[in-house]
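Trainee: Hi! Could you walk me through this structure?
Mentor: Happy to, here it comes.

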Amino acid sequence: FSAGSHLLWLGREAFDFAFYKYDLVSNSWGRGPPMVNPRCLFASASCGHYAFVAGGFTVGGMQFNVLNTAERYDSMKGVWEPLPDMATPRHKCSGFFMDGKFYVIGGKDANHQPIMSGEEYDPLTMTIVISCTTEMTPNPFFHLFNPHPPW
């Protein structure tokens, strides 16, 4: 995903988490600053010179820890800034930016059970709230094409 003039690549290398950025202005790749909470399989979205990430998992020793943390990358300053925690730890979730807010929806919990709700982060109030008052329901039409759905 991108933030301002930076193309961001985040992931996991052999023994650690990695953050690389391509700078359009200097036409060069380089390592970026580490996230506040390094993570994989997270939700992400971008708007203007900010990139947002939330959820995912981190590795502590031999254990995977599902995260409820969120943060944003400021491409003007080149730093990650923590955001308020989400109510629900989740990984393999989706993120998008709409109407001035960052949304995180779906995903799986620590037991790999589906999460059928979403949360929103409002940059103006610096708050995260549960945005789905009713749970999302799987689409029954999906069963026609996938006899073994993920839930």
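Mentor: We will go through some contacts and a few single residues.

Trainee: What should I know before we start?
Mentor: This is a predicted model, where local features need pLDDT of at least 70, side-chain atom pairs count only at pLDDT 80 or more, and totals for chains, interfaces and linings use all residues. Residues are numbered from 1 along each chain as its sequence is written, and side-chain values use heavy atoms, with hydrogens and water left out.

Trainee: Okay, rings! How many aromatic pairs does a search of the whole structure find?
Mentor: The search finds 11 aromatic pairs. One of them joins Y50 and F52, with 6.2 Å centre to centre and 50 degrees between the planes, so the pair is called tilted. As for the term, rings of Phe, Tyr and Trp (its six-membered ring) pair if their centres lie within 6.5 Å; planes under 30 degrees apart are stacked, those over 60 are edge-to-face, and the rest are tilted.

Trainee: Is F52 buried or exposed?
Mentor: F52 is buried, at a relative accessible area of 1%. Buried means under 20% relative accessible area, exposed means over 50%, and partly exposed is in between (1.4 Å probe, protein chains only).

Trainee: Which residues do the ring pairs link into a cluster?
Mentor: Y50, F52, F97, F102 and Y121 are linked that way.

Trainee: And what lies over the face of Y50?
Mentor: That is R72, at 4.1 Å from the ring centre. A charge sits over a ring if NZ of Lys or CZ of Arg is within 6 Å of the ring centre and within 35 degrees of the ring normal.

Trainee: What is the salt bridge partner of R72?
Mentor: The side chain of R72 meets that of E81 in a salt bridge, 2.7 Å from N to O. The term stands for a side-chain nitrogen of Lys or Arg within 4 Å of a carboxyl oxygen of Asp or Glu. R72 counts as buried because its relative accessibility is 13%, and E81 is buried too, with 17%.

Trainee: Which other residue forms a salt bridge with E81?
Mentor: K77 does, with the closest N and O atoms 3.7 Å apart. K77 counts as exposed, at 59% relative accessibility. Together, R72, K77 and E81 are linked in a network of salt bridges.

Trainee: How many salt bridges are found in the whole structure?
Mentor: The search finds five. Among them is the one between the side chains of E119 and R90, at 3.2 Å from N to O. E119 lies in strand 13 (residues 118-122) and R90 in the loop between strand 10 (79-83) and strand 11 (94-98), so this pair ties together parts that are 29 residues apart in sequence. Strands (E, at least two residues) and helices (H or I, at least four) are DSSP runs, numbered from the N terminus. E119 counts as buried at 2% relative accessibility, and R90 counts as buried at 0%.

Trainee: New topic: where is E71?
Mentor: E71 is in strand 9 (residues 70-74), and it counts as buried because its relative accessibility is 0%.

Trainee: What does the side chain of E71 make a polar contact with?
Mentor: With the side chain of R39, at 2.7 Å. The E71 side chain also reaches the backbone nitrogen of N37 at 3.0 Å. A polar contact is a pair of N or O atoms within 3.5 Å; within protein, one must be able to donate a hydrogen and the other to accept it, and residues adjacent in sequence count only if both atoms are side-chain atoms.

Trainee: Now the outside. Which residues form a nonpolar patch on the surface?
Mentor: L7, W9 and W29 do, with about 350 Å² of accessible area together. W9 lies in strand 2 (residues 6-12) and counts as partly exposed, at 41% relative accessibility. Patches are made of residues with over 30% relative accessible area and no salt bridge: nonpolar side chains (Val, Leu, Ile, Met, Phe, Trp, Tyr) are joined within 5 Å, like charges within 9 Å. The areas come from the Shrake-Rupley method with a 1.4 Å probe, and for residues only the protein chains shown count as cover.

Trainee: Last one: what is phi of L41?
Mentor: It is near 55 degrees, a positive value in a residue other than glycine. L41 sits in the loop between strand 4 (28-31) and strand 5.
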